[in-house]
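Here is a short tour of a protein model, with a few helices and some individual residues as stops along the way. Please keep the structure open beside the text as you read.

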Amino acid sequence: MNILTEKFNTPYHSAPFNSIKNEDYLPAFKELIQKSEEEIDAIVNNTEEPTFENVIEALAYSGEQLDAVSNIFFNLNSAETSDELQQIAQEVSPILTEYSSKISQNEDLFNKIKKVYDEKEKYNLNEEQQMLLNETYKGFVRSGALLNEEDKEKLKKISMDLSLKSLQFGQNVLASTNNYFKHITNKEDLAGIPEAIIEQYAEEAKERELEGWVITLQYPSYLPLMTYAENRELRKEIALANGKKSFDGGEFDNQNLIKELLQLKQQKAELLGYSTYADYVLEERMAKSPTKVLDFLNELLTKAKPYAEKEIEELKSLAKADGIDEIQGYDHAYYAEKLRKAKYDLNDEELKPYFPLDQVQEAVFGLANNLFGLTFEERKDIPKYHEDVKVYEVKENGEYKSLLYVDYFPRKGKRAGAWMTSYKNQYKKDGENSRPHISIVCKFSKPTKDTPSLLTFQEVTTLFHEFGHALHGMLANTQYPTLSGTSVKWDFVELPSQFLENFCYEPEFLKTFAKHYKTGEILPDEKIEKIALSKNFMEGYQTMRQLGFGILDMNYHTKVAELEGKSVKEFEDNYTKATQLYPANPETAMSPSFSHIFQGGYSAGYYSYKWAEVLDADAFQYFKENGIFNPEIAAKYKILLSSGGTKDPMELYKNFRGSEPKVESLLKRAFG
């Protein structure tokens, strides 16, 4: 018996992590693909007249078990991977791509969908049903349903190649990150770095059976070094190593892979009748077109650049006092921290004792309770995939609402960054509201034998960010799984996450949880005030950085032909030069480790972070004007979150806010 092909015999049918073996995956995928194909065949072979119920609805509910196993497998491949899992991923990805291509190119199935779509006026469909019908029809057309047989085969091959190559891109970045470490034997080299961080470096060395200290390119190791190390040569060396990830011509180099991925995307777009891949992607976004995106990014660039240049001038003055005539990118975090300390007398190490992870988690749970009536209770009886993971049962008015998995600490098998994901979507079927299973994955410093996990303020905002996504999933309340939770337009998906970060800067809220882990002392008022003031510290620089990523992404996905005969580095330098505030380093490039657009789902979509900032600034302004815990506005916002993708996002937003979002809200928040 394969545990993965049975109904999970666990609380709330949660993933049976404690019983799954790696050898279960491949046969389970094959069996469940066959089962799902049989469900599709039943729809196609149904001799009754095609209707919304027996075609569109039946399709929306099909493949439930396959989705569950895919979620388990691919989430683990991000959070707790191994060579064996990566090998299975290489085998499984083409099988799944072939399966989805088979469905999306099933002519008989599409004919039934098209018949229902063409006759939709005769059905009395509600708003969500209309959205499902439109999205289903459009999804098939965008997957090549209207292509001839030869072109369908071409598209199928392109999709398979894209799937494998993007997987390879991510594996190369992970391997490149894990392969590097810097072994330090002289503690003087670590001057300026807080003792708690040095202790982490010592623990890392011990794990590697080395004397002294070890620095890696994992974020909790890399960032403190760049921020505090007085040793400029060490900062340069580590920054250089980080900038060379998958860009050193070695085994894990991604430069050719980038060109191959972009060419494949362009071929896919042209095959489907779009001039560029960005046109293909943006048809399904709030922004609609590459021109509109670039206009939006360039408008922000024009307004933000003078602020950014002024910020860098301040850093140059500090560096000059240290005898540095030309400040470099690897000096930025160090001098920004010095300036922040001078301006606000704040540094991360001073603040960290007030932000132990458990307290911050309790604060975000409390906020969810205050705004939406949710409670969180740890469950020890629900299987988990690693001892670091905790599982919470989420309730609303005493009734089960969701499961929430939290996984906070770095491991070698965990990819970089922080993210929210789901093991199971919410949907309603046969009178039952089947609730979601949501997960948050981060990379915070592990507790040591003497100290709990203490978060930098940036990590506090990271946790709130991912929890904002989680709320979008946990509060989902839609009929169909494909329209549930975070299944929304991509440039709308960051609104809930970025919105929640705003609370971290509100003195009224900070005072409820920022307490010293040893003494219980509340973070002093002057520091809280400085946190609020520091919110916009280096906002110009950060804006330019994000705009650089967004502009580069949009140009990669609209100007593929330009890459021929050009290096990735040349292309990157050309399209980021308007946003660069430091001299470019010929030895480094960020594109080869730009996983968001070459492995994740942000291809031609990186702009959506800034787009969503306009939404979140405007939404939070509404709360600020009426009280940040205002129950009526929270109730309206809850409707927005629970509606998922059942309505056009602009309509959802206007229903909540009463008007379209204004870019002025962001500019006011960022630059006053």
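A residue is called buried when its relative accessible area is under 20%, exposed when it is over 50%, and partly exposed in between (1.4 Å probe, protein chains only). This is a predicted model, in which local features need pLDDT of at least 70 and side-chain atom pairs count only at pLDDT 80 or more, while totals for chains, interfaces and linings use all residues. Residues are numbered from 1 along each chain as its sequence is written, and side-chain values use heavy atoms, with hydrogens and water left out.

Let us begin with the backbone. Most residues other than glycine have a negative phi.

Helices here are DSSP runs (H or I, at least four residues), numbered from the N terminus. Helix α20 (residues 525–534) also holds Lys-527. Is this lysine, Lys-527, buried or exposed? Its relative accessibility is 15%, so Lys-527 counts as buried. Leaving aside residues up to four places away in sequence, Lys-527 touches Asp-345, Leu-346, Glu-350 and Leu-351, where contact means heavy atoms within 4.5 Å.

Next comes helix α5 (residues 107–118). Its 12 residues reach 16 Å from the first C-alpha to the last, close to the 16 Å expected at 1.5 Å a residue; that expected span is 1.5 Å times one less than the number of residues. Leu-109, Phe-110, Lys-112, Ile-113 and Val-116 are the buried residues of α5. They lie on the same side of α5, because they cover an arc of only 160 degrees around the axis, taken from the directions from the helix axis to the C-beta atoms. Their packing partners are α1 (22–45), α2 (52–60), α4 (83–104) and α6 (127–142).

Our last stop is a helix pair. The axes of α25 (residues 631–642) and α26 (residues 649–657) come within 9 Å and cross at roughly 170 degrees. The crossing therefore makes α25 roughly antiparallel to α26, a label for angles over 145 degrees. From α25, Ile-633, Lys-636, Tyr-637 and Leu-640 make the contact, meeting Leu-652, Tyr-653, Asn-655 and Phe-656 of α26. By class, this contact has 6 nonpolar, 1 polar and 1 charged residues. Ala, Val, Leu, Ile, Met, Phe, Trp, Tyr, Cys and Pro count as nonpolar, Asp, Glu, Lys and Arg as charged, and the others, Gly among them, as polar.

Note on methods. Axes are lines fitted to C-alpha atoms, for helices over the stretch in contact, and angles run from 0 to 180 degrees between N-to-C directions. Helices (H or I, at least four residues) and strands (E, at least two) are DSSP runs, numbered from the N terminus. Angles under 35 degrees count as roughly parallel, over 145 as roughly antiparallel, 65 to 115 as roughly perpendicular and the rest as oblique.
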